[in-house]
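I opened the file today to look up a few places in the fold. My notes follow in the order I took them.

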Amino acid sequence: MDPTKRPSPGPSASAGAPVLGASDFALFRELISRRSGVRVAESKQLLLQNRLGRRLQALGLPSFQAYYRYLRTAEGEARELGHFWSVVTTHETHFFREEQHFAALEQAVLPELTGAERRPRTLRLWSAGCSTGQEAYSLAMVVDGFLQRRPGYRYEVVGTDIDEHALATGRAGIYPLASRVEVPARHLVRHVDLGPQTLQIRAALRQHVTFAWQNFAEARALRPACDVVFCRNAMMYLEREVRVHLLQVFWESLAPDGVLVVGAAESLHGLPRRFAPHRVGKTLLHRKVAEVHE
Ligand SMILES: C[S@@+](CC[C@H](N)C(=O)[O-])C[C@H]1O[C@@H](n2cnc3c(N)ncnc32)[C@H](O)[C@@H]1O
(Lines give C-alpha, C1' and ligand atoms only; values in the text may rest on other atoms or scores of the structure.)
Protein backbone atom coordinates (compact mmCIF):
# COMPACT_ATOMS: atom_id res chain seq x y z
CA MET A 1 0.00 0.00 0.00
CA ASP A 2 1.11 3.49 -0.63
CA PRO A 3 2.54 5.01 2.54
CA THR A 4 1.32 8.60 2.62
CA LYS A 5 3.22 11.01 4.80
CA ARG A 6 0.23 11.94 6.94
CA PRO A 7 -0.58 9.51 9.80
CA SER A 8 -4.22 8.51 9.59
CA PRO A 9 -6.53 9.11 12.52
CA GLY A 10 -8.20 6.03 14.03
CA PRO A 11 -11.15 4.65 12.13
CA SER A 12 -14.46 6.32 12.77
CA ALA A 13 -17.94 5.05 12.08
CA SER A 14 -19.70 7.09 9.40
CA ALA A 15 -23.49 6.74 9.13
CA GLY A 16 -23.57 3.20 10.52
CA ALA A 17 -20.87 1.87 8.14
CA PRO A 18 -18.94 -1.08 9.61
CA VAL A 19 -15.75 -0.16 11.47
CA LEU A 20 -12.52 -2.06 10.98
CA GLY A 21 -11.41 -2.64 14.58
CA ALA A 22 -7.82 -3.24 15.68
CA SER A 23 -8.09 -7.04 15.80
CA ASP A 24 -9.76 -7.29 12.36
CA PHE A 25 -7.17 -4.88 10.96
CA ALA A 26 -4.46 -7.21 12.30
CA LEU A 27 -6.15 -10.21 10.63
CA PHE A 28 -6.26 -8.48 7.23
CA ARG A 29 -2.71 -7.18 7.55
CA GLU A 30 -1.51 -10.69 8.27
CA LEU A 31 -3.51 -12.14 5.36
CA ILE A 32 -2.22 -9.54 2.89
CA SER A 33 1.38 -9.96 4.02
CA ARG A 34 1.24 -13.77 4.00
CA ARG A 35 -0.42 -14.09 0.60
CA SER A 36 1.21 -11.26 -1.36
CA GLY A 37 4.17 -10.02 0.67
CA VAL A 38 2.65 -6.52 0.74
CA ARG A 39 3.40 -4.74 4.02
CA VAL A 40 0.48 -2.70 5.33
CA ALA A 41 1.69 0.04 7.68
CA GLU A 42 0.07 0.37 11.13
CA SER A 43 -1.15 3.80 10.08
CA LYS A 44 -3.30 2.41 7.25
CA GLN A 45 -6.25 1.21 9.32
CA LEU A 46 -8.65 3.87 8.06
CA LEU A 47 -7.43 3.51 4.48
CA LEU A 48 -8.00 -0.25 4.59
CA GLN A 49 -11.40 0.26 6.22
CA ASN A 50 -12.45 2.54 3.36
CA ARG A 51 -11.10 0.31 0.61
CA LEU A 52 -12.46 -2.98 2.00
CA GLY A 53 -15.67 -1.21 2.98
CA ARG A 54 -16.45 -0.87 -0.73
CA ARG A 55 -16.29 -4.64 -1.09
CA LEU A 56 -18.52 -5.21 1.97
CA GLN A 57 -21.05 -2.91 0.37
CA ALA A 58 -20.82 -4.60 -3.03
CA LEU A 59 -21.33 -8.02 -1.45
CA GLY A 60 -23.93 -6.88 1.10
CA LEU A 61 -21.87 -8.21 4.01
CA PRO A 62 -22.52 -6.88 7.53
CA SER A 63 -18.99 -6.83 8.97
CA PHE A 64 -15.28 -7.09 8.21
CA GLN A 65 -15.20 -10.43 10.01
CA ALA A 66 -17.87 -11.78 7.66
CA TYR A 67 -15.78 -10.54 4.72
CA TYR A 68 -12.63 -12.16 6.14
CA ARG A 69 -14.48 -15.47 6.58
CA TYR A 70 -15.86 -15.23 3.04
CA LEU A 71 -12.39 -14.69 1.60
CA ARG A 72 -11.29 -17.94 3.18
CA THR A 73 -14.03 -20.04 1.58
CA ALA A 74 -13.52 -21.78 -1.78
CA GLU A 75 -16.13 -19.46 -3.32
CA GLY A 76 -14.47 -16.37 -1.84
CA GLU A 77 -11.07 -17.50 -3.13
CA ALA A 78 -12.49 -17.99 -6.62
CA ARG A 79 -14.82 -15.00 -6.86
CA GLU A 80 -13.56 -12.35 -4.49
CA LEU A 81 -9.78 -12.59 -4.18
CA GLY A 82 -9.31 -10.69 -7.45
CA HIS A 83 -11.41 -7.79 -6.17
CA PHE A 84 -9.56 -7.98 -2.86
CA TRP A 85 -6.12 -7.52 -4.47
CA SER A 86 -7.56 -4.79 -6.60
CA VAL A 87 -8.65 -2.73 -3.61
CA VAL A 88 -5.69 -3.39 -1.31
CA THR A 89 -2.92 -2.60 -3.80
CA THR A 90 -1.92 0.86 -5.00
CA HIS A 91 -1.95 1.39 -8.75
CA GLU A 92 -0.59 4.86 -9.22
CA THR A 93 1.27 5.01 -12.52
CA HIS A 94 1.53 7.01 -15.71
CA PHE A 95 3.21 6.95 -19.11
CA PHE A 96 6.96 7.68 -18.98
CA ARG A 97 6.90 7.90 -15.18
CA GLU A 98 10.46 8.64 -14.00
CA GLU A 99 11.38 9.59 -17.53
CA GLN A 100 15.12 9.28 -16.86
CA HIS A 101 14.83 5.47 -16.86
CA PHE A 102 13.42 5.48 -20.40
CA ALA A 103 16.16 7.88 -21.53
CA ALA A 104 18.82 5.55 -20.07
CA LEU A 105 17.19 2.59 -21.80
CA GLU A 106 17.26 4.37 -25.15
CA GLN A 107 20.68 5.99 -24.84
CA ALA A 108 22.71 3.28 -23.09
CA VAL A 109 20.99 -0.08 -22.62
CA LEU A 110 19.51 -0.63 -26.10
CA PRO A 111 22.66 0.46 -28.01
CA GLU A 112 24.63 -2.05 -25.95
CA LEU A 113 22.12 -4.88 -26.44
CA THR A 114 22.17 -4.34 -30.21
CA GLY A 115 25.88 -3.53 -30.74
CA ALA A 116 27.56 -4.21 -34.12
CA GLU A 117 29.03 -7.51 -32.88
CA ARG A 118 25.56 -8.90 -32.02
CA ARG A 119 23.23 -10.92 -34.22
CA PRO A 120 19.64 -9.64 -34.61
CA ARG A 121 17.21 -11.41 -32.27
CA THR A 122 14.14 -10.77 -30.15
CA LEU A 123 14.66 -8.38 -27.25
CA ARG A 124 12.50 -9.16 -24.21
CA LEU A 125 11.46 -6.69 -21.56
CA TRP A 126 9.46 -7.30 -18.38
CA SER A 127 7.38 -4.69 -16.58
CA ALA A 128 6.92 -6.36 -13.17
CA GLY A 129 4.13 -4.75 -11.14
CA CYS A 130 2.88 -3.06 -14.30
CA SER A 131 -0.43 -1.81 -12.87
CA THR A 132 -2.68 -0.60 -15.72
CA GLY A 133 0.03 -0.98 -18.35
CA GLN A 134 1.40 2.51 -19.02
CA GLU A 135 4.91 1.39 -18.05
CA ALA A 136 4.78 -1.58 -20.43
CA TYR A 137 3.56 0.61 -23.31
CA SER A 138 6.17 3.29 -22.57
CA LEU A 139 8.85 0.58 -22.83
CA ALA A 140 7.35 -0.67 -26.08
CA MET A 141 7.29 2.84 -27.57
CA VAL A 142 10.96 3.42 -26.76
CA VAL A 143 12.11 0.03 -28.07
CA ASP A 144 9.94 0.30 -31.17
CA GLY A 145 11.43 3.70 -32.03
CA PHE A 146 14.97 2.52 -31.36
CA LEU A 147 14.67 -0.65 -33.42
CA GLN A 148 13.66 1.29 -36.51
CA ARG A 149 17.43 1.80 -36.84
CA ARG A 150 18.20 -1.89 -36.17
CA PRO A 151 16.61 -4.01 -38.89
CA GLY A 152 16.14 -7.66 -38.07
CA TYR A 153 15.54 -7.14 -34.37
CA ARG A 154 12.16 -7.87 -32.83
CA TYR A 155 10.85 -7.20 -29.36
CA GLU A 156 8.31 -8.35 -26.79
CA VAL A 157 7.18 -6.69 -23.58
CA VAL A 158 5.38 -8.59 -20.84
CA GLY A 159 3.56 -6.83 -18.03
CA THR A 160 2.67 -8.72 -14.86
CA ASP A 161 0.61 -7.74 -11.85
CA ILE A 162 -1.47 -9.22 -9.05
CA ASP A 163 -4.47 -7.07 -9.98
CA GLU A 164 -6.57 -8.64 -12.75
CA HIS A 165 -8.61 -5.44 -13.16
CA ALA A 166 -5.48 -3.39 -13.77
CA LEU A 167 -4.29 -6.00 -16.27
CA ALA A 168 -7.61 -5.80 -18.14
CA THR A 169 -7.07 -2.05 -18.61
CA GLY A 170 -3.59 -2.81 -19.87
CA ARG A 171 -4.88 -5.33 -22.41
CA ALA A 172 -7.46 -2.86 -23.74
CA GLY A 173 -4.84 -0.09 -23.90
CA ILE A 174 -7.52 2.57 -23.33
CA TYR A 175 -6.74 5.50 -21.01
CA PRO A 176 -8.21 8.89 -20.16
CA LEU A 177 -7.52 11.45 -22.86
CA ALA A 178 -5.75 13.67 -20.31
CA SER A 179 -2.87 11.17 -20.17
CA ARG A 180 -1.79 12.19 -23.68
CA VAL A 181 0.38 14.92 -22.15
CA GLU A 182 2.56 12.22 -20.57
CA VAL A 183 3.53 10.71 -23.92
CA PRO A 184 6.31 12.45 -25.91
CA ALA A 185 4.97 13.86 -29.19
CA ARG A 186 7.01 11.54 -31.45
CA HIS A 187 5.51 8.47 -29.73
CA LEU A 188 2.02 9.95 -29.54
CA VAL A 189 1.89 10.50 -33.28
CA ARG A 190 3.08 6.99 -34.07
CA HIS A 191 1.33 4.84 -31.48
CA VAL A 192 -1.78 6.52 -30.08
CA ASP A 193 -5.31 7.13 -31.41
CA LEU A 194 -7.04 10.08 -29.73
CA GLY A 195 -10.80 9.95 -29.11
CA PRO A 196 -13.11 12.54 -27.56
CA GLN A 197 -12.71 11.21 -23.98
CA THR A 198 -10.05 8.53 -24.19
CA LEU A 199 -6.93 7.53 -26.05
CA GLN A 200 -6.05 4.06 -27.26
CA ILE A 201 -2.72 2.46 -27.93
CA ARG A 202 -2.71 1.29 -31.55
CA ALA A 203 -2.94 -2.42 -32.26
CA ALA A 204 0.46 -2.35 -34.00
CA LEU A 205 2.10 -1.56 -30.66
CA ARG A 206 -0.32 -3.58 -28.51
CA GLN A 207 0.63 -6.74 -30.39
CA HIS A 208 4.13 -6.53 -28.88
CA VAL A 209 2.81 -6.28 -25.31
CA THR A 210 1.21 -9.10 -23.32
CA PHE A 211 -0.16 -9.01 -19.80
CA ALA A 212 -0.17 -11.86 -17.31
CA TRP A 213 -1.26 -12.33 -13.72
CA GLN A 214 1.54 -12.90 -11.26
CA ASN A 215 1.91 -12.65 -7.50
CA PHE A 216 5.43 -11.57 -6.52
CA ALA A 217 5.29 -13.82 -3.46
CA GLU A 218 4.96 -16.89 -5.70
CA ALA A 219 6.83 -15.59 -8.76
CA ARG A 220 8.95 -17.93 -10.85
CA ALA A 221 11.65 -16.96 -13.35
CA LEU A 222 10.43 -15.84 -16.76
CA ARG A 223 11.30 -17.94 -19.79
CA PRO A 224 12.63 -17.22 -22.37
CA ALA A 225 15.12 -15.04 -20.52
CA CYS A 226 14.68 -11.28 -20.72
CA ASP A 227 17.10 -8.44 -21.33
CA VAL A 228 15.54 -5.74 -19.19
CA VAL A 229 13.32 -5.82 -16.10
CA PHE A 230 11.52 -2.71 -14.90
CA CYS A 231 10.20 -3.25 -11.37
CA ARG A 232 9.49 0.22 -10.09
CA ASN A 233 7.51 1.56 -7.17
CA ALA A 234 6.38 -1.91 -6.13
CA MET A 235 9.22 -3.52 -4.17
CA MET A 236 9.15 -0.74 -1.59
CA TYR A 237 5.76 -2.03 -0.36
CA LEU A 238 6.98 -5.60 0.09
CA GLU A 239 8.20 -7.58 3.07
CA ARG A 240 11.98 -8.10 2.96
CA GLU A 241 11.57 -11.86 2.47
CA VAL A 242 9.55 -11.30 -0.73
CA ARG A 243 11.99 -8.65 -1.99
CA VAL A 244 14.81 -11.19 -1.54
CA HIS A 245 12.79 -13.82 -3.42
CA LEU A 246 11.94 -11.39 -6.19
CA LEU A 247 15.54 -10.32 -6.64
CA GLN A 248 16.52 -13.96 -7.13
CA VAL A 249 13.66 -14.36 -9.66
CA PHE A 250 14.87 -11.31 -11.59
CA TRP A 251 18.45 -12.61 -11.51
CA GLU A 252 17.33 -15.98 -12.92
CA SER A 253 15.05 -14.32 -15.50
CA LEU A 254 17.67 -12.01 -16.96
CA ALA A 255 20.15 -12.86 -19.70
CA PRO A 256 23.84 -12.57 -18.66
CA ASP A 257 24.09 -8.87 -19.58
CA GLY A 258 20.56 -8.08 -18.36
CA VAL A 259 19.60 -4.91 -16.56
CA LEU A 260 17.17 -4.32 -13.69
CA VAL A 261 15.58 -0.90 -13.16
CA VAL A 262 13.95 -0.07 -9.83
CA GLY A 263 12.05 3.07 -8.84
CA ALA A 264 13.98 6.28 -8.21
CA ALA A 265 12.98 6.14 -4.53
CA GLU A 266 13.93 2.47 -4.18
CA SER A 267 17.24 0.79 -3.41
CA LEU A 268 18.66 -2.72 -3.37
CA HIS A 269 20.78 -1.79 -0.38
CA GLY A 270 20.82 -4.49 2.30
CA LEU A 271 19.54 -7.19 -0.07
CA PRO A 272 21.65 -10.14 -1.32
CA ARG A 273 24.06 -9.00 -4.01
CA ARG A 274 22.53 -10.21 -7.27
CA PHE A 275 23.02 -6.91 -9.14
CA ALA A 276 25.73 -4.28 -9.34
CA PRO A 277 24.92 -0.58 -9.65
CA HIS A 278 25.44 0.73 -13.16
CA ARG A 279 25.38 4.50 -13.59
CA VAL A 280 24.10 6.08 -16.80
CA GLY A 281 24.49 9.84 -16.40
CA LYS A 282 22.58 10.63 -13.24
CA THR A 283 20.48 7.47 -13.41
CA LEU A 284 21.24 4.31 -11.51
CA LEU A 285 20.48 0.98 -13.19
CA HIS A 286 21.39 -2.47 -11.88
CA ARG A 287 23.36 -4.96 -13.91
CA LYS A 288 23.11 -8.68 -13.25
CA VAL A 289 26.28 -10.03 -11.58
CA ALA A 290 27.72 -13.14 -13.21
CA GLU A 291 28.25 -15.09 -10.02
CA VAL A 292 26.44 -14.95 -6.74
CA HIS A 293 28.62 -14.76 -3.61
CA GLU A 294 26.59 -15.09 -0.42
C1 LIG B 1 2.41 1.77 -7.56
S2 LIG B 1 2.15 0.58 -8.84
C3 LIG B 1 3.59 0.84 -9.82
C4 LIG B 1 3.29 0.74 -11.29
C5 LIG B 1 4.50 0.98 -12.21
N6 LIG B 1 5.53 -0.01 -12.01
C7 LIG B 1 5.05 2.36 -12.02
O8 LIG B 1 6.16 2.52 -11.46
O9 LIG B 1 4.39 3.32 -12.44
C10 LIG B 1 2.55 -0.95 -7.98
C11 LIG B 1 1.93 -2.18 -8.65
O12 LIG B 1 2.47 -3.36 -8.01
C13 LIG B 1 1.44 -4.32 -7.92
N14 LIG B 1 1.72 -5.27 -6.85
C15 LIG B 1 1.71 -5.04 -5.52
N16 LIG B 1 1.93 -6.17 -4.85
C17 LIG B 1 2.10 -7.15 -5.78
C18 LIG B 1 2.38 -8.54 -5.69
N19 LIG B 1 2.51 -9.17 -4.53
N20 LIG B 1 2.51 -9.23 -6.84
C21 LIG B 1 2.38 -8.61 -8.04
N22 LIG B 1 2.09 -7.29 -8.18
C23 LIG B 1 1.97 -6.58 -7.05
C24 LIG B 1 0.19 -3.51 -7.64
O25 LIG B 1 -1.00 -4.22 -7.99
C26 LIG B 1 0.42 -2.26 -8.48
O27 LIG B 1 -0.22 -2.35 -9.73
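**Entry 1: a loop residue**

I started at R72. R72 sits in the loop that links helix 3 (64-71) with helix 4 (74-79). This is a predicted model, so I treat each value here as computed. Is R72 buried or exposed? I found 9 C-beta neighbours inside 10 Å of R72, and 12 or fewer counts as exposed, so R72 is exposed. I then checked R72 against L31. The two are 41 residues apart in sequence, and their C-alpha atoms are 9.9 Å apart in space.

**Entry 2: the ligand**

Next I looked up the shell around the ligand. How many residues surround the ligand? I get 25 residues, and the closest are T89, T93, G129, S131 and F216. I sorted the shell by class. It has 12 polar, seven nonpolar and six charged residues.

**Entry 3: the largest nonpolar core**

I turned to the largest nonpolar core, which has 70 residues. Which members touch the most other members? They are V143, V229, C231 and L260. I noted that helix 7 (residues 134-147) gives the most to this core, with eight residues. Domain 1 (22-88) and domain 2 (99-288) both contribute residues to the core, so the core lies between them.

I traced the sheets next. As a reminder to myself, strands of a sheet pair through backbone hydrogen bonds, either parallel or antiparallel.

I followed strand 10 (residues 283-288) to its partners. Strand 8 (residues 254-262) pairs with strand 10 in the antiparallel sense, over two bridges. L260 of the core list stands opposite H286 in strand 10. Strand 9 (residues 275-280) also runs antiparallel to strand 10, and six bridges join the two. I looked up two of the residue pairs. A276 has R287 in strand 10 as its bridge partner. F275 stands opposite K288 in strand 10.

I then checked the hairpin of strand 9 and strand 10. Two residues lie between the strands. Which residue takes a positive phi in this hairpin? I found G281, with a phi near 60°.

How many bridges join strand 4 to strand 5? I count three bridges between strand 4 and strand 5 (residues 198-201), which run antiparallel. L194 has L199 in strand 5 as its bridge partner.

Terms used. Residues are numbered from 1 along each chain as its sequence is written. This is a predicted model: local features need pLDDT of at least 70, side-chain atom pairs count only at pLDDT 80 or more; totals for chains, interfaces and linings use all residues. A residue is near a molecule or strand if its C-beta atom, placed from the backbone, lies within 6 Å of it. Ala, Val, Leu, Ile, Met, Phe, Trp, Tyr, Cys and Pro count as nonpolar, Asp, Glu, Lys and Arg as charged, and the others, Gly among them, as polar. Two strands pair if DSSP finds at least two bridges between them. Helices (H or I, at least four residues) and strands (E, at least two) are DSSP runs, numbered from the N terminus. A residue is buried if 20 or more other C-beta atoms lie within 10 Å of its own, exposed if 12 or fewer, and partly exposed in between; C-beta atoms are placed from the backbone. A nonpolar core is a set of buried Ala, Val, Leu, Ile, Met, Phe, Trp, Tyr and Cys residues joined through C-beta atoms within 7 Å. Domain bounds come from an automatic or database domain assignment.
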